[in-house]
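I opened my notebook to get to know a structure that was new to me. Here is what I looked up, entry by entry.

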Amino acid sequence: MSLVPLLSPERGYFPRNVWYIAGFSSELRDKPLARRICGHAVVMFRTAGGRAVALEDRCVHRGMPLSAGERDGDIIRCAYHGLEFDASGACTKIPGQARIPPGARVRSFPLVERDALLWIWPGDQEKADESLIVSRPYHTAPDWACVFGTLEVKANWQLIADNLLNLSHLQYVHKKTIGGDPDADDRAEVTVVRDGNRVRVTRWLLNVEPPPLHRMARGYTGPIDRWQEFEFEPCVLQFHSGAKEAGTGAREGRRDGAMDLRHFHAPTPQGPHSTLYFFTRAHNFRLDDAELTEKMRRSMLATFEEDKAVIEAQQARLLETEDEPLIDLRDDAANLHARRIVRQLMAQEDAAETSGRHLAHA
Ligand code: FES
Ligand SMILES: [Fe+2]
């Protein structure tokens, strides 16, 4: 399948009416936070009551980025001529002028803060449905220790999703981190299921050598059974993985005492060939060991730096060779499902927009 239609900016490159991650709760403090999300310049800030809000980062007066301004109670004040905007994007004050002209507002984006994550909706405001956000409690729950990271990747967001949905790269890209025994990866039992707009991948590696991360974190020395359960939904990925001493019943459902990891990945497009890659990883052991948690954070970052190097090199070459064919492998089943889901969502959005335009002209 050619990657071209989804890499071409003119055709659009992401579904608009879905929730994306705009950042982590911990990033939103006193100062406004500027981000490029799905092509939009966005500024986020907290109201006096602590509510997180997102506005277009462009003053309606002369276009100054509002993120350069200051937050003051419930408003953000432009750094150029001092116009003030509230959480809805309405201009509430113009210094030296009583009359606020019609149209004095900036766009606001639905923003929901849940499980230490900031979820943003770049599409039609009236379609933003908070109930679509799946809870990820391990980000804040006391029985998990969670670490957070972000990388800017110079590539289309779907190359990151592809990477996560085809784990046959582990033994080549992640030798130093989570890659394991190459033969074992080749023998992995993989199941791929599409369920509506979700794709689930389950992978079992039985009786394998523990990779460096597992040795460091849990002290495994002998063979282990490993499992990896991925779920993609536009446009985030959840990944549960675990390990237990080989032959102790994990495959049959006895996971007590296992090394459990909960990963969450959100490749949020900035532009067609630029992505903010947010990721988290929670572990359920040695919760009071701050040094281990820091090691887990560093190993997570090292792992995704390895992916970033590959994905950026891949993107650069794909841009030079847009018309050249590519082949698909058996292990691409999940990412082909994911691409189909994304393509269908984008086609539905295009159709709804076209029929909306026709109705408007009727
Ligand atoms: S550009 Fe913002 S107040 Fe003038
Ligand atoms: Fe990877």
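**Entry 1: the largest pocket**

I began with the pockets, and the largest one holds about 590 Å³ of space. Before going on, I noted that this is a predicted model. I then asked myself: which elements give two or more residues to the lining of the largest pocket? They are α2 (157-165), α6 (290-320) and α7 (333-361). The largest share comes from α6, with 4 residues.

The lining of this largest pocket has 21 residues in total. Nearest its centre I found Asp162, Asn166, Gln314, Asp332 and Asn335. I sorted the lining by class and got 11 nonpolar, 6 polar and 4 charged residues.

**Entry 2: the second largest pocket**

Next I turned to the second largest pocket, which has a volume of about 500 Å³. I counted 25 residues in its lining. Those nearest the centre are Asn17, Val18, Trp121, Leu132 and Leu345. Which element gives the most to the lining of this second largest pocket? I found that α7 does, with 5 residues. By class, the lining of the second largest pocket has 13 nonpolar, 3 polar and 9 charged residues.

**Entry 3: aromatic rings**

I searched the whole structure for aromatic pairs and found 12. I wrote down two of them in detail. A pair of aromatic rings is described by the distance of the centres and the angle of the planes.

Phenylalanine 14 and tyrosine 20 make an edge-to-face pair, at 6.2 Å from centre to centre and with 90 degrees between the planes. Are these two residues buried or exposed? Both phenylalanine 14 and tyrosine 20 are buried. Looking around them, I saw that Tyr13, Phe14 and Tyr20 form one aromatic cluster.

My other pair was tyrosine 277 with phenylalanine 279. Their ring centres are 5.0 Å apart. Why is this pair edge-to-face? The planes of tyrosine 277 and phenylalanine 279 stand at 70 degrees, and over 60 counts as edge-to-face. Tyrosine 277 has 2% relative accessibility, so it counts as buried. Phenylalanine 279 is at 0% relative accessibility and therefore counts as buried.

Arginine 218 lies over its face, at 5.3 Å from the ring centre.

**Entry 4: an arginine in a loop**

I followed another arginine into a loop. Where is arginine 29 found? I located arginine 29 in the loop between β1 (20-24) and β2 (33-37). Its relative accessibility is 59%, so arginine 29 counts as exposed, the cut-off being over 50%. I also looked at arginine 29 together with arginine 46: they are 17 residues apart in sequence. In space, their C-alpha atoms are 7.3 Å apart.

**Entry 5: the whole chain**

Last, I stepped back to see the chain as a whole. It has 7 helices and 18 strands. The radius of gyration is 23 Å, close to the 21 Å that the globule rule gives for 362 residues, so the chain is as compact as a globular protein of that length. Taken along the principal axes, the C-alpha atoms fill a box of roughly 75 × 50 × 35 Å. What percentage of the 362 residues is buried? I noted that buried residues make up 51% of the chain.

Terms used:
Residues numbered from 1 in each chain as written. Chains lettered and ligands numbered in written order. Predicted model: local features only at pLDDT ≥ 70, side-chain atom pairs only at ≥ 80, totals over all residues. Heavy atoms only, no water. 1 Å grid on protein atoms, 1.4 Å probe; cavity = no way out; pocket = protein on both sides within 12 Å on 5 of 7 lines; lining within 4 Å. Points joined across faces, edges and corners; volume = space filled by probe spheres on them. Nonpolar A, V, L, I, M, F, W, Y, C, P; charged D, E, K, R; others polar. Phe/Tyr/Trp six-rings, centres within 6.5 Å; stacked < 30°, edge-to-face > 60°. Buried < 20%, exposed > 50% of the residue type's maximum accessible area, 1.4 Å probe, protein only. Lys NZ or Arg CZ within 6 Å of the ring centre and 35° of its normal. Rg over C-alpha atoms; globule rule 2.2 N^0.38 Å.
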